[in-house]
Amino acid sequence: MNLEGRAKVYAIAQAVISSLGFLSSFIGAGFLLLFGLLGGVVDPETSSEAGLMLVIGWTSLLIAFAFIPGLISAIYSLMGKPLPKIKPGTNKIILGALALLWLISIILVMVTSRFQALNLVTSLFILPLVLVPILFFFYLGSQNLSIGNQRRAWGAIAFNFAITMPLVLMVELIIFVVIFIFATMWLMGQPELLTQILQYSEQLSSGAMEMLEAENLLTDLISRPAILNGSILVIAVLVPLVEEFLKPMAIWFLAGKHLTPAQGFVGGLIGGACFAMLESLGAVGIPADSEWLIILFGRTGTGLLHVTLSGLVGWGFASAFYNQNWGRAIFTYLMAVTIHGLWNFFALLSGIVPILPITEEIENLPVLLGQAGVFVMIALFIINMVLLISVNRQLQHQPAE
């Protein structure tokens with residue numbers, strides 16, 4: 001059956017987005033991998049930065065291949081042909097294979113990371129360590145649910161990589177530019193601090209700054225209430241507000257397709273999974289010290305956070321589209337922002353409190369909260385897991401409300 005009207009426009013748009021996404025990601029991957037290899041060879045002291053570039057390069061290549069099913073499914077739809085169906089039980093086989101791949105990858109990364117010459121291999125096996133847990137969380141949330149059909153699912157993936165992520169980055173960049181402008185205006189009224197920062201920036205640009213001096217500057221900055229409170233406002237409030245609103249953006253364009261709450265939930269899960277993959281792979285890098293595993297497991301928790309909360313918001317938005325349930329849309333969005341904000345708040349405090357000096361300006365409360373951060377984040381991890389599974393169970397019994 002040939003497509004007509006709006007459905008045909010969607011299929012053409014999906015084909016164009018997937019084609020351009022594949023080409024740009026594939027070319028970008030080539031440059032990133034090349035620069036990453038050359039960077040580590042030319043200057044061994046920058047091996048960690050080169051390693052991160054290699055990880056991002058492999059990520060870009062993975063994204064390029066993720067656009068291919070979206071292109072194929074769009075072409076099949078325009079030709080009026082059904083997509084090949086996945087046999088029952090295949091998903092569980094794939095999940096088992098991915099779990100085995102994760103175990104093999106963690107061993108290989110721990111071994112190969114000791115040799116700088118093997119950075120290309122190490123960076124490749126970083127991908128399964130981040131991606132497999134995210135896919136597992138998506139599987140838990142989407143069991144016996146669907147966004148509608150395979151073309152819609154692959155189209156949502158292509159849309160998230162090509163449109164949603166660049167838009168989120170652009171909005172956050174605008175926010176940080178505005179903050180930078182206000183921060184500059186505030187510094188103009190702090191001549192001593194401004195002079196100190198300018199001196200440190202000159203030393204940093206010339207390579208004359210010692211690590212201890214850099215730590216002292218950082219400690220001095222974040223020990224100031226205005227800077228500390230401003231950082232918390234941005235990381236724990238503004239960032240969650242933006243990200244939780246935009247991550248499930250792909251389902252906005254399906255609002256006129258009579259999208260059910262269950263389909264909106266799965267669409268949100270897809271957006272959260274895509275976002276989590278890009279954010280985490282851009283943060284873990286190649287193992288440089290013993291704390292790398294802590295970072296990896298921390299990013300696993302962040303992956304669950306993004307998948308679950310984006311699914312909740314997608315469920316709420318689709319409920320508003322489907323039966324005008326705006327109360328659920330507002331509630332799920334505010335819940336997602338609150339949980340995300342708490343996660344970011346305690347993650348931020350856990351990172352900066354150990355280097356804060358205990359002074360009259362820095363009271364015991366931030367220190368106490370920072371020390372409790374790990375336990376709070378474990379509790380939030382459990383809450384997200386419970387939410388993911390419970391909403392899935394609820395929607396399985398009420399797929400269309």
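Reader: What volume does the largest pocket have?

Author: The model is a predicted one. In it, the largest pocket has a volume of about 1500 Å³. It is lined by 37 residues, and those closest to its centre are Ile86, Asn91, Phe138, Ala153 and Trp154.

Reader: How many residues does H4 have, and what span does it reach?

Author: H4 covers residues 119–142, which is 24 residues. From its first C-alpha to its last it reaches 35 Å, close to the 34 Å expected at 1.5 Å a residue.

Reader: Where in H4 is there a kink?

Author: The kink lies at Leu131, shortly before the proline Pro133, and amounts to about 25°.

Reader: Turning to cavities, how many of 30 Å³ or more does the structure hold?

Author: The structure holds one cavity of that size. The volume of the largest cavity is about 40 Å³.

Reader: What follows H4?

Author: Asn144 follows H4, in the loop between H4 and H5. Its phi is positive, about 60°, although Asn144 is not a glycine. Most residues other than glycine have a negative phi.

Reader: Is Asn144 buried or exposed, and why?

Author: Asn144 counts as exposed because its relative accessibility is 68%, and the cut-off for exposed is over 50%.

Reader: What about Gln324, and where is it placed?

Author: Gln324 is in the loop between H10 and helix H11 (326–352). Gln324 has a positive phi of about 60° and is not a glycine. With a relative accessible area of 55%, Gln324 is exposed.

Reader: A change of topic: which residues have the most contacts inside the largest nonpolar core?

Author: They are Phe161, Phe265, Trp292 and Leu388, in a core of 82 residues.

Reader: And what is Phe265 in contact with, leaving aside its neighbours within four places in sequence?

Author: Phe265 is in contact with Gly141, Leu145, Gly311, Leu312, Gly314, Trp315, Leu388, Val391, Asn392 and Leu395. Leu388 is also among the core residues with the most contacts.

Key:
Residues are numbered from 1 along each chain as its sequence is written. This is a predicted model: local features need pLDDT of at least 70, side-chain atom pairs count only at pLDDT 80 or more; totals for chains, interfaces and linings use all residues. Side-chain values use heavy atoms; hydrogens and water are left out. A nonpolar core is a set of buried Ala, Val, Leu, Ile, Met, Phe, Trp, Tyr and Cys residues joined through side-chain atoms within 4.5 Å. Buried means under 20% relative accessible area, exposed over 50%, partly exposed in between (1.4 Å probe, protein chains only). Contact means heavy atoms within 4.5 Å. Helices (H or I, at least four residues) and strands (E, at least two) are DSSP runs, numbered from the N terminus. The expected span of a helix is 1.5 Å times one less than its number of residues. The bend at a residue is the angle between axes fitted to the seven residues ending there and the seven starting there. On a 1 Å grid over the protein atoms alone, a cavity is a set of points where a 1.4 Å probe fits but cannot get out, and a pocket is an open set with protein on both sides within 12 Å along at least five of seven lines; lining residues have an atom within 4 Å of a point. Grid points are joined across faces, edges and corners, and a volume is the space filled by probe spheres set on the points.
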